[in-house]
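Hi,

Here is the structure I promised to pass on.

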Amino acid sequence: MQIITDEQTAAFSDFLRAHDFFYIIGHKEPDGDCVYSCLGMAALLDAKKLPCQLLNAGPFKRTEIKDKADLFTNVPTFLSEPERKKTGLIILDCSEMARLGDIDGDLNGLDTFIVDHHKTASITQNCIIDATSPATANLVQQLYEKLVGKPPKDVADMLFFGMATDTGYFRFLKDDAAEVFMAAARLVEAGANPRQIYDRMTGGKSYATRKLLGIMLDRAERYYNNKLVITYETMEDTRKYGQDGRDSDALYSLLLACEGVEAVVFLRQETEHSCTAGFRSRDAVDVSAIAAKFGGGGHKNAAGLSMEGKLETIIPEIKKEFAKVL
């Protein structure tokens with residue numbers, strides 16, 4: 001993990017000084033890192049006495065973040081043209097405007113700063129983008145510590161939660177994990193409670209999610225000498241079991257634990273004409289590169305996409321791409 005440089009910190013500080021008001025926004029269908037990075041950034045701005053508004057297109061499907069949905073809105077405060085010129089847009093855990101989803105207002109043309117850790121990001125100006133960081137929350141933590149100081153307990157909880165969710169509670173860390181654990185230790189020292197955060201991350205799942213997980217496991221098929229596993233959810237599954245409390249993380253974990261499995265693909269038919277897909281892999285397979293070929297992106301070992309089509313046509317296309325690397 002790299003450390004944010006003094007130059008990057010100064011660039012962000014200059015951005016804050018150049019504006020009177022800020023929109024803070026993350027990607028649609030947010031996860032824990034996205035939500036808590038935004039909340040941590042809002043706490044940073046509050047400590048600097050800078051007004052802001054938290055935006056997100058939602059939906060807040062994940063059990064562990066549903067109680068934060070009311071803190072966000074998809075309707076930006078109306079600004080006059082002179083006010084827009086003094087407004088900054090801070091995008092977290094995402095680098096593409098398209099991934100922000102449907103916001104009931106115009107965010108185009110605003111002076112923008114991006115803080116992200118996704119490998120597929122290609123922006124080089126007005127940004128802190130570091131694919132070596134385990135989570136965007138870690139980048140926000142560094143900015144908070146550099147610009148404000150030691151975070152209070154509530155902020156430490158937010159940042160620990162964001163980092164824990166994107167690292168699978170630190171299971172996905174690699175050889176350069178020392179800096180990550182030192183950052184986590186500073187948050188614990190500031191009051192973050194690892195046991196309580198783990199319980200919030202993993203608890204509260206509905207019985208229906210366990211039933212749906214069983215169906216996904218039963219439907220899973222292996223390909224390419226058992227290196228690739230693909231499973232899917234139909235619209236009928238969604239109607240029967242609902243959308244709340246999805247637990248795809250448990251699905252990926254169980255399937256990747258199988259001997260010989262290098263990558264897992266989970267697809268969902270969202271509408272009659274569109275699907276979403278999530279990819280997970282072990283070290284060797286770069287699923288972000290495969291997702292990028294379909295307009296998606298993410299990390300080397302965790303990526304996703306949304307695309308037009310039906311399961312029966314999309315699955316063969318994705319299989320062909322994995323065939324090139326497995």
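In which hand, left or right, does α8 pass α10? The crossing of α8 with α10 is right-handed. Please keep in mind that this is a predicted model.

Some detail on that helix pair: α8 covers residues 207-219 and α10 covers residues 248-256. The two pack at an angle of about 35 degrees, and their axes are 10 Å apart. On the α8 side, the residues that meet α10 are Leu213, Met216 and Leu217; on the α10 side they are Ala250, Leu251, Leu254 and Leu255. By type, the residues of this contact are seven nonpolar, no polar and no charged.

Next, the cysteines, in case you were wondering about disulfides. A disulfide is a covalent bond between the sulfur atoms of two cysteines. Searching the whole structure turned up zero of them. For Cys127, which is in no disulfide, the nearest cysteine sulfur belongs to Cys94 and is 13 Å away. Cys127 counts as buried because its relative accessible area, 15%, is under 20%. Cys275 is buried too, with a relative accessible area of 2%.

Finally, a look at Ile290, which sits in helix α11 (residues 287-292). Its relative accessible area is 3%, so Ile290 is buried. Setting aside neighbours within four places in sequence, Ile290 is in contact with Phe279, Glu321, Phe322 and Val325. Asp237 is 53 residues from Ile290 along the chain, and the C-alpha atoms of the two are separated by 26 Å.

Technical notes
Residues numbered from 1 in each chain as written. Predicted model: local features only at pLDDT ≥ 70, side-chain atom pairs only at ≥ 80, totals over all residues. Heavy atoms only, no water. Helix = DSSP H or I, 4+ residues; strand = E, 2+ residues; numbered from the N terminus. Buried < 20%, exposed > 50% of the residue type's maximum accessible area, 1.4 Å probe, protein only. Contact = heavy atoms within 4.5 Å. Axes fitted to C-alpha atoms, helices over the stretch in contact; angles between N-to-C directions. Left-handed = near helix turned anticlockwise from the far one by under 90°. Nonpolar A, V, L, I, M, F, W, Y, C, P; charged D, E, K, R; others polar. Disulfide = S-S within 2.5 Å.
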